[in-house]
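Please read the report below alongside the sequence and the 3D view. It moves from the whole chain to its parts.

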Amino acid sequence: HASPVCKNISLINPNRVVNKNDDAIAKSVARNIRQVKPKTVSIENVPGYEKTVLFKQIAKALDEVGYNWDVQIVDAATYGAAQTRTRMIVRAVRKDVGELPPLPQKTMGADWYKALEDLIVEEQRAGRVLPIAEAFKRKGKAEVDELLKPYLIKGIPNNEIARINRYVSMGKLTLDRPIITMGSSASRVC
């Protein structure tokens, strides 16, 4: 299995540029396919990875070695994950081993709140949880920024309130449960 670094290709990154490290990783995956010739190969990445020169190197190796392979764009939530996350999945089986198996049966996404409820309660007890609904009671950006100041990383803009508002308006989030956020998703901070 390979999951090359995707931060330079992700749509969330406004400065999408493939660098030498990305190229070295793709070449390493292709080299491993050619040399090891595993019975099966799986690769996970952002959907845009399929259209890069990086993926073309890997696809060429799969063809050269002789794999039956395909690319699927899937939402992890349809396979039981507790988050909506669109991913490119490559499934490959060496032709002398057999055909590609069918995709797994789709399921409902897991309830992230139930999965993390004990951790959330512990964080609340320790005083490390911002009641995010408070941010929505404020009118001005300056007030929201001041409220969030202790929770932000210096120099990283807070775009999460706008993003949360968008998801609430789309019906994907409600404000009656905690919202776990990592801050601005477009930042370089992981």
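## Overall fold

This is a predicted model. The chain has 190 residues, and 28% of them count as buried. It holds six helices and three strands. From the N terminus, the order of elements is α-β-α-β-β-α-α-α-α.

The accessible surface of the chain is about 12700 Å². Carbon and sulfur atoms account for 55% of that surface.

## The α1–α2 pair

Helix α1 spans residues 20–36, and helix α2 spans residues 53–65. Their axes come within 9 Å and cross at roughly 5°. An angle under 35 degrees counts as roughly parallel, and α1 and α2 are therefore roughly parallel to each other.

Both helices contribute a set of residues to the contact. From α1 come Asp22, Asp23, Ala26, Lys27, Val29, Ala30, Ile33 and Arg34. They meet Leu54, Gln57, Ile58, Lys60, Ala61, Leu62, Glu64 and Val65 of α2. By class, the contact residues of α1 with α2 are nine nonpolar, six charged and one polar.

## The sheet

The three strands form an open sheet with antiparallel pairing. Their order is β1-β3-β2. β1 (40–45) and β2 (67–75) are the edge strands, and each pairs on one side only. From one strand to the next, the twist averages 15°.

Strand β3 covers residues 86–94 and pairs with β2 over nine bridges, in the antiparallel sense. Within this pairing, isoleucine 73 has methionine 88 in β3 as its bridge partner. β1 also pairs with β3 in the antiparallel sense, here over six bridges. Valine 41 stands opposite alanine 92 of β3. In general, strands of a sheet pair through backbone hydrogen bonds, either parallel or antiparallel.

## Cover over the strands

Helix α2 links the two topics above. Besides meeting α1, α2 lies across β1, β2 and β3. The helix runs at about 145° to β2.

How enclosed is β3, and why? Seven of the nine residues of β3 are buried, so the strand is largely enclosed by the rest of the structure.

## Valine 74

Is valine 74 buried or exposed? Its relative accessibility is 16%. The cut-off for buried is under 20%, so valine 74 counts as buried.

Which residues does valine 74 contact, leaving aside its neighbours within four places in sequence? They are Tyr79, Arg85, Thr86, Arg87 and Ile89. Valine 74 can also be placed relative to proline 47. The two are 27 residues apart in sequence, and their C-alpha atoms are 8.8 Å apart in space.

Methods: Residues numbered from 1 in each chain as written. Predicted model: local features only at pLDDT ≥ 70, side-chain atom pairs only at ≥ 80, totals over all residues. Heavy atoms only, no water. Helix = DSSP H or I, 4+ residues; strand = E, 2+ residues; numbered from the N terminus. Buried < 20%, exposed > 50% of the residue type's maximum accessible area, 1.4 Å probe, protein only. Areas by Shrake-Rupley, 256 points an atom, 1.4 Å probe, with all protein chains shown as cover. Axes fitted to C-alpha atoms, helices over the stretch in contact; angles between N-to-C directions. Parallel < 35°, antiparallel > 145°, perpendicular 65-115°, else oblique. Contact = heavy atoms within 4.5 Å. Nonpolar A, V, L, I, M, F, W, Y, C, P; charged D, E, K, R; others polar. Pairing = 2+ DSSP bridges.
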